Amino acid sequence: MLPSRPRLLLLLTLIVALFGATVAIAQPDPRVEARAHYQAGVAKYNAAQYDEAVAEFRAAEQLAPSPMNDYNIGLALDRKGDAAGAIAAYRAYLDRSPNAANRADVEASIAKLKPAADAASAAAAEAARQAAEQAAAAEAARRAAEQAAAASQPIPQPPAATGDPDLDRVAMVDLNAMRGAQPLPPPSGAGTPAPTPDGTSATAPGPTGDAPKKSSRPFYKSPVFWVLAAVGVYVLIVLADDSSNNNAQTGRMLPLPEGAPRMSSGPTLFSF
């Protein structure tokens, strides 16, 4: 009977072997799937379905890379008439298999396809150039149409003069341009604008012929009126009091000293 440790190692080895066999059975061999794609590509090639044949050969290349896949792709593209694509596939085949037995035949095929590939490349370049020229012409036409539309817009004309300075000033006002307290234009016939301290010119307002309107407020509601009335009443009171004092003192004035100036008998003056 085997010791316990060797039996344990043997058991682990059997488990690993069984697991590997299970994984190998569960996962198909990629070469088998690649061969299936290759056979499908050959069938499509024989049926003249060259695009489908190229797709099958490329699927086989993804699963099992081989230079023969490039060669088969080149054959399908050559039969399709894609000279540039066939040349690229043939050259990839020769790069991956430099010692290929059919190298001379592949090189001959490349030489035969090269004029057609060059012509196709030149045609593609010419088509791209024409497309660029058409796009430039369309853009130029669009700009010309925009300029013509802008030129056809009517130019606003200034209003005709009416002979009245006030009406002319109002007619010349551009309401769309007034965004912040812009001054009105000067009336027709006005003099040269006088320069202001900041260097700009200020237009002197023209005569309008309208007298300034007086305030419609009654004069007796003005504070100045009542101040003047109060001062007048005060003056009258002072004058009356002074007159009564002078009348009371008449006939009993003291004699003036000799040589003293005599006062005039005129009215007393008040200054305010």
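How many residues does helix H4 have, and how far does helix H4 reach from its first C-alpha to its last? The legends below start there. This is a predicted model, where local features need pLDDT of at least 70, side-chain atom pairs count only at pLDDT 80 or more, and totals for chains, interfaces and linings use all residues. Residues are numbered from 1 along each chain as its sequence is written, and side-chain values use heavy atoms, with hydrogens and water left out.

**View 1. Helix H4 from end to end.** H4 (residues 67-80) has 14 residues and reaches 20 Å from its first C-alpha to its last, close to the 20 Å expected at 1.5 Å a residue. That expected span is 1.5 Å times one less than the number of residues. Helices here are DSSP runs (H or I, at least four residues), numbered from the N terminus.

**View 2. What sits over H4.** The buried residues of H4 are Asn69, Asp70, Tyr71, Asn72, Ile73, Gly74, Ala76 and Leu77. Buried means under 20% relative accessible area, exposed over 50%, and partly exposed in between (1.4 Å probe, protein chains only). Their cover includes H2, H3, helix H5 (83-96) and helix H6 (103-151).

**View 3. Asp70 on H4.** Asp70, part of helix H4, is buried, with a relative accessible area of 13%. Skip the residues up to four places away in sequence, and Asp70 touches Ala89, Ala92, Tyr93 and Arg96. Contact here means heavy atoms within 4.5 Å.

**View 4. Tyr90 and its neighbours.** Tyr90 belongs to helix H5 and counts as buried because its relative accessibility is 2%. Tyr71 is 19 residues away along the chain, yet the C-alpha atoms of Tyr90 and Tyr71 are separated by 5.8 Å. Leaving aside neighbours within four places in sequence, the contacts of Tyr90 are Tyr71, Gly74, Leu75, Asp78, Val106, Ser109, Ile110 and Leu113.

**View 5. Polar partners of Tyr90.** The Tyr90 side chain reaches the backbone oxygen of Gly74 at 3.5 Å, and a polar contact of 3.4 Å joins the side chains of Tyr90 and Asp78. A polar contact is a pair of N or O atoms within 3.5 Å; within protein, one must be able to donate a hydrogen and the other to accept it, and residues adjacent in sequence count only if both atoms are side-chain atoms.

**View 6. Ala48 in its loop.** Look for Ala48 in the loop between helix H2 (30-46) and helix H3 (50-63). Phi of Ala48 is near 65°, a positive value in a residue other than glycine. Most residues other than glycine have a negative phi. Ala48 is partly exposed, with a relative accessible area of 46%.

How values were computed. Helices (H or I, at least four residues) and strands (E, at least two) are DSSP runs, numbered from the N terminus.
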